[in-house]
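Please look at the sequence and the structure before reading on.

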Amino acid sequence: MARMAAGIALVCGAGGFIGSHLVRRLKADGFWVRGVDLQFPQFADTAADDFVIGDLRDPAFCRQIVDRRFDEVYQLAADMGGAGYIFTGQHDADIMHNSATINLNMLDACRRRNIASVFYSSSACIYPAYNQEDPENPICSEASAYPAAPDSEYGWEKLFSERLYLAYNRNHGMRNRVARYHNIFGPEGTWHGGKEKAPAAICRKVAMAPNHGTIDIWGDGSQTRSFLFIDECITGTVRLTRSDCEGPLNIGSEEMVTIDQLVDLVADIAGKAINKNHIVGPTGVRGRNSDNRLINEKLGWKPSAPLRAGLEATYFWIERQLQRNALAA
Ligand code: NAD
């Protein structure tokens, strides 16, 4: 006899990095899952029961995919990328227009279907630039978001959309959840082509370099960041969704490293001596770290896996991608 599903879930952005991992987790939890995206996942088959290709900027398409009262809705679709995409200014209009339109459409489609709650993935990029000038002591507690001064239009759109989801809570009786992700990384994330983030870019550069080789690093290498492994991001996402906390809550790691330290860690994992050539490039704020006091208080949980463990999994996955590409060439 067929087993009853634990519930029905909708994942927007299911062809992307975090969305494709989230679909797998929801399937493991026993959900029937519909994924939606402009594209199928790049690196593995989707685990979704139903996968719809379409453009969430189209309100009619959003109403069409929200055709039932889903128990859990995750809105991860966004026009995004790493520093090379977000901080050059060349994509600002697209980023703001595309992502805001998706959020406006999806939230309204869910409200019309009487869906109680949508999970929204905001970003650490909403935090004010003025609190992130000291690489040793960045301030990223949830309450520090205002007075607002994000350093990118990507961050401004995220802030607008956070407020949109919370306004629907106040005015339409919804219980939307907002998380602020901090630099998520792991296998099956973009690793080349211009939209990749620092961990993937550094893993690729180290994997391609010979022993004692030199790789280019954007900035002086002393800018600080923390990086959260994908599995912990998914755990935090699902925990927040199923909690009674609306957020916003940081979902990030508190293990802050400089970019140079990140390179050294990856080089050590690769077993290579690597020299760094610091070049001018888009770097974002000087320092950023997650502050996990609030998530710990609200959910009784915070991410805790060491950076090195996640980097090992990511480095060897990217190395395998490179080997495959070389074999195909
Ligand atoms: P991603 O780019 O891999 O996934 C986003 C997906 O959205 C893509 O597959 C893309 O095709 C899809 N999409 C974009 N426009 C669409 C449209 N018009 N219609 C349908 N689908 C569309 O990004 P990700 O790393 O998986 O991030 C997921 C979410 O988390 C995003 O909202 C992102 O802003 C947020 N976030 C991610 C990080 C991170 O470090 N990865 C950090 C902070 C916030």
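In this predicted model, a polar side-chain atom of Tyr 154 lies 2.7 Å from an oxygen atom of the ligand, a pair that falls under the definition of a polar contact as two N or O atoms within 3.5 Å. Local features need pLDDT of at least 70 and side-chain atom pairs count only at pLDDT 80 or more, while totals for chains, interfaces and linings use all residues. Residues are numbered from 1 along each chain as its sequence is written, and side-chain values use heavy atoms, with hydrogens and water left out.

**Ligand contacts and burial**
- An N or O atom in the side chain of Lys 158 is 2.9 Å from an oxygen atom of the ligand, and an N or O atom in the side chain of Lys 197 is 2.9 Å from a nitrogen atom of the ligand.
- The protein buries 91% of the 820 Å² that the ligand exposes when taken alone (accessible areas by the Shrake-Rupley method with a 1.4 Å probe).

**The shell around the ligand**
- The ligand is surrounded by 26 residues, of which the closest are Ile 18, Asp 37, Asp 55, Tyr 154 and Ile 184, a residue being counted if one of its heavy atoms lies within 4 Å.
- At least two residues each come from α1 (17-28), β5 and α5 (153-172), and the largest share, 3 residues, is that of β5 (helices are DSSP runs of H or I with at least four residues, strands runs of E with at least two, numbered from the N terminus).
- By class, the shell has 12 nonpolar, 9 polar and 5 charged residues, where Ala, Val, Leu, Ile, Met, Phe, Trp, Tyr, Cys and Pro count as nonpolar, Asp, Glu, Lys and Arg as charged, and the others, Gly among them, as polar.

**The second largest pocket**
- This pocket has a volume of about 200 Å³ (an open set of points on a 1 Å grid over the protein atoms alone, with protein on both sides within 12 Å along at least five of seven lines; lining residues have an atom within 4 Å of a point; a volume is the space filled by probe spheres set on the points, which are joined across faces, edges and corners).
- Of its 16 lining residues, the closest to the centre are Asp 71, Glu 72, Ala 116, Ser 117 and Arg 175.
- β4 (72-75) and β5 (118-123) each supply at least two residues of this lining, which has 6 nonpolar, 4 polar and 6 charged residues.

**The cavity**
- The structure holds 1 cavity of 30 Å³ or more (grid points where a 1.4 Å probe fits but cannot get out), and the largest cavity has a volume of about 40 Å³.
- Ser 20, Arg 24, Pro 41, Ala 44, Asp 45, Thr 46, Ala 47 and Glu 188 line the largest cavity, and these residues divide into 3 nonpolar, 2 polar and 3 charged.

Key. A polar contact is a pair of N or O atoms within 3.5 Å; within protein, one must be able to donate a hydrogen and the other to accept it, and residues adjacent in sequence count only if both atoms are side-chain atoms.
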